[in-house]
Amino acid sequence: MPMDMDVEKAAKRIQVRFVTKLQPPFKVPPTAIAIPSDLTRFGLSTIVNNLLKSGNDDWKSEPFDFIIGGEFIRMSLEEFLLAKNISAEKILDIEYIKAVAPRKEEEPSLHDDWVSAVDGSNPKFILTGCYDGLGRLWKAAGSCSHILEGHTGAVMAVCVVKPKGAVDGTDELVATASKDRTVRFWKVDAEDFLEQPKRIRSCKVLRGHNASVQTISADPSGEMLCSGSWDCMINLWQANDLNASGDTVTFKKRKKGGKENDAQTEGEAVSTLVGHTQSISSVVWPQNETIYSASWDRSIRRWDVETGKDTLNMSFGRAFNCLHVGGESSALIAAGCSDPVLRIWDPRKPDSSAPIFQFSSHSSWISACKWHDKSLFHLASASYDGKVMLWDLRTAWPLTVIDSHKDKVLCADWWRGDSIISGGADAKLCISSELSVRQ
């Protein structure tokens, strides 16, 4: 009997060939080998690392993920083949890629209150908004270069704007939105190398909302900005007319040895999108002619900027906290609701009200979600459970769980393509870097 069991066990081997799109030194020989069928991704990763080490004595082990038929292996190889009805009688090609997980955790960048907003779209800096009413620019972990002061309430949203001809020289234009009902534009010199943070005032104040402004987004050209508020309105603002005439207001600017008056202009909304019946939690402007919005009224809407009409009104059973648009053809809608589930919709499908993906590994409400701008499959989510999770549409399990925060995570974004940045109720900006995100 023991001999029969050994024979049976030995027979449970599968002929496989490991393939990859990675470049040398990550390529293994293309020959087929026999491996045990009960291996999981960790066992497969060990085999690939051993094969790589056999041709390179200096090889240092790397974690890998494995794909068959466009799906990640998240169980034993035998269970996966049975679940997907894949025959193991012929040589099986298994693709391997670098595992998407941070290799490095930077020291947290401390704030004086909750970090409520973060934007990593500019590789030169990270822009954050805080409940202390200040915006901040960070060149790197712990290195704050600019403090944006002027709001009289918590900063709820931040945005890097890319206007045409609006900012001269090395200046960058950024925007902030606040509970004080205003949106503000700021000119900052991202090339400044300062020992102490430089305090600056806004160059333009936008007034028009009647309640807290929760979310802002610039159009791809950087010529306009939209904002969503507790007043249920979406306002559209010009971002490329900072030198145009307008109402001028003054404020007192601290200066050693005396006081100095400085001036800034005020702007009004050029149009308003009306339709939501409760607070607007998130807006995103992915194409020049199209804005998406999410609301506590349990709907997501898509707006035609030129006509001001909604071309999609997608209702759901829960209030929405966040949304982002990306993935295949930059058309998939990711959103978080008042539950722990991250959902993905494809508005191109006939029954667009039904999510095409649902990810349910969080244990509390999802506060932020963001697609990777170079990948069709990858996105990140943040939650009140204190965790940030990285997802790939090819598997139902998170690729990795980042547990850097000690309290609710309120915002998250990608930075420089290979870093996740997040802010939370622990008053920290956290940077998890050296991720390998590939198609």
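# Briefing on a predicted model

Residues 3–10 keep a pLDDT under 50, and the model gives them 0 contacts beyond four places in sequence. Here pLDDT is the predictor's confidence in each residue, from 0 to 100, and a contact means heavy atoms within 4.5 Å. This is a predicted model, in which local features need pLDDT of at least 70, side-chain atom pairs count only at pLDDT 80 or more, and totals for chains, interfaces and linings use all residues. Residues are numbered from 1 along each chain as its sequence is written, and side-chain values use heavy atoms, with hydrogens and water left out.

**Confidence**

- The chain has a mean pLDDT of 90. Of its residues, 90% reach 70 or more.
- Residues 244–262 also stay under 50 in pLDDT. For this stretch the model has 25 contacts beyond four places in sequence.
- Where pLDDT is low, the predicted coordinates should not be read in detail.

- Strand β24 spans residues 290–295. Strands (E, at least two residues) and helices (H or I, at least four) are DSSP runs, numbered from the N terminus.
- In β24, 6 of 6 residues are buried. Buried means under 20% relative accessible area, exposed means over 50%, and partly exposed lies in between (1.4 Å probe, protein chains only).
- In a regular strand the side chains alternate between the two faces of the sheet.
- T290, Y292 and A294 point one way from β24, while I291, S293 and S295 point the other way.
- β24 runs antiparallel to β23 (residues 280–287), and 5 bridges join them. Two strands pair if DSSP finds at least two bridges between them.
- β24 also runs antiparallel to β25 (residues 299–304), again with 5 bridges.
- The hairpin of β23 and β24 has 2 residues between the strands.
- The hairpin of β24 and β25 has 3 residues between the strands. In its turn, R298 has a positive phi of about 70°.

**A sheet of four strands**

- β31, β32, β33 and β34 form an open sheet in that order, with antiparallel pairing.
- β31 (366–371) and β34 (400–402) are the edge strands. Each has a single partner strand, so one side of each lacks a neighbour in the sheet.
- Neighbouring strands of this sheet are turned by 20° against each other on average, direction ignored.
- β33 (residues 388–392) and β34 are joined by 3 bridges. Among the facing residues, L390 has T400 in β34 as its bridge partner.

**Salt bridges**

- The structure holds 21 salt bridges. A salt bridge is a side-chain nitrogen of Lys or Arg within 4 Å of a carboxyl oxygen of Asp or Glu.
- R136 and D132 meet at 2.8 Å, N to O. R136 is buried at 6% relative accessibility, whereas D132 is partly exposed at 26%.
- R41, D65 and R74 belong to one network, joined by salt bridges that share partners.
- E106 bridges to K104, with the closest N and O atoms 3.9 Å apart. E106 is partly exposed at 26%, and K104 is partly exposed at 39%.
- D373 and K374 form a salt bridge at 3.8 Å, N to O. Both residues are exposed.

How values were computed: Axes fitted to C-alpha atoms, helices over the stretch in contact; angles between N-to-C directions.
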